[in-house]
Amino acid sequence: MSMSTCEVEVDRDAQDLREDLEQRLVLAAPTDTVRGTFFLGALEAVRALEGEDGVRSCVEAGGEPRFVEFFNYPVGAWLQVNEAAARLLERRCGSWVEAQRQLGRRATADMLKSAAGKALLLLSKGETRRLLANMPSAYRAAVNFGERTVQWEGPTRGRVIMRRDFMPCAWHEGVLLAVLEGMKARAVRVSSSRLAVLDSEYLVSWE
């Protein structure tokens, strides 16, 4: 979808910064895990633009010898791989924020191809509102931490609230944009607000 039909509003003052990584790593518990699918998607995005050398540097950052799609890995490893990927991609994306957004888009594409994603699309019956309402369950299929809720403010407008989620706001912007665009929604808007290091909310709307 072209930018003429998809707009992104970002509250720069509320935006998570790359410097928050250390805080996020400290707050992560050993039991907080992420599916390998996200790792593989980020690595493929790096491979497409930076080749195998870039992939190796990201894998090394995660501290794991390799990643398997259906395995669960510590969120700390995911944060390190994601950050390494964003640093490699920001030169081509124009900024760290946009690199994170693109990695979030990739995560959505990979999730919707999975069995859980296909089930989500089936349950949504082609309705954008229904798909967004089911997003919290999609997150639970990929990670075992955090709480996500959707509050509606109108037929095509709502807030997605995330508590104790380790990813930067821009990453979630990419996720939500890809979800709405995938349903052929027009005039998509996503405005993020950071509430705390691990808490954020997203005002989303479409036509």
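## Basis of the model

Local features need pLDDT of at least 70 in this predicted model, side-chain atom pairs count only at pLDDT 80 or more, and totals for chains, interfaces and linings use all residues. Residues are numbered from 1 along each chain as its sequence is written, and side-chain values use heavy atoms, with hydrogens and water left out.

Helix α5 spans residues 115–124. Helices here are DSSP runs of H or I with at least four residues, strands are runs of E with at least two, and both are numbered from the N terminus. Gly117, Leu120 and Ser124 of α5 are buried. Buried means under 20% relative accessible area, exposed means over 50%, and partly exposed lies in between (1.4 Å probe, protein chains only).

The face turned away from the buried side carries exposed residues: Ala115, Lys118, Leu122 and Leu123. On the buried side, the packing partners are α4 (96–113), α6 (128–133) and α7 (135–142). Lysine 125 follows α5 and has a positive phi, near 55°.

## How α4 meets α5

Two packed helices are described by the angle between their axes and the distance between the axes. For α4 and α5, the angle is about 85° and the axes are 4 Å apart. So α4 is roughly perpendicular to α5. Axes are lines fitted to C-alpha atoms, for helices over the stretch in contact, and angles run from 0 to 180 degrees between N-to-C directions. Angles under 35 degrees count as roughly parallel, over 145 as roughly antiparallel, 65 to 115 as roughly perpendicular and the rest as oblique.

From α4, the contact uses Met111, Leu112 and Lys113. From α5, it uses Ala115, Gly117, Lys118, Leu120 and Leu121. Contact means heavy atoms within 4.5 Å. By class, this contact has 5 nonpolar, 1 polar and 2 charged residues. Ala, Val, Leu, Ile, Met, Phe, Trp, Tyr, Cys and Pro count as nonpolar, Asp, Glu, Lys and Arg as charged, and the others, Gly among them, as polar.

Leucine 112 lies in α4. Its relative accessibility is 19%, so leucine 112 counts as buried. Leaving out residues up to four places away in sequence, leucine 112 touches Gly117, Lys118, Leu120 and Leu121. Valine 179 is 67 residues from leucine 112 in sequence, with 8.8 Å between their C-alpha atoms.

Valine 97 is also placed in α4. At 14% relative accessibility, valine 97 is buried. Valine 97 and tryptophan 171 are 74 residues apart in sequence and 8.0 Å apart, C-alpha to C-alpha.

## Cysteines

A disulfide is a pair of cysteine sulfur atoms within 2.5 Å. The count is 0 disulfides. For cysteine 58, the closest cysteine sulfur is in cysteine 93, 13 Å away and therefore too far for a bond. Cysteine 58 is buried, at 0% relative accessibility. Cysteine 169 is buried, at 0% relative accessibility.

## Positive phi in two loops

Arginine 164 sits in the loop between β5 (157–163) and α8 (169–182). Although not a glycine, arginine 164 has a positive phi of about 50°. Arginine 164 is partly exposed, at 31% relative accessible area.

Alanine 187 belongs to the loop between α8 and β6 (188–194). Alanine 187 is not a glycine, yet its phi is positive, about 50°. At 23% relative accessibility, alanine 187 is partly exposed.
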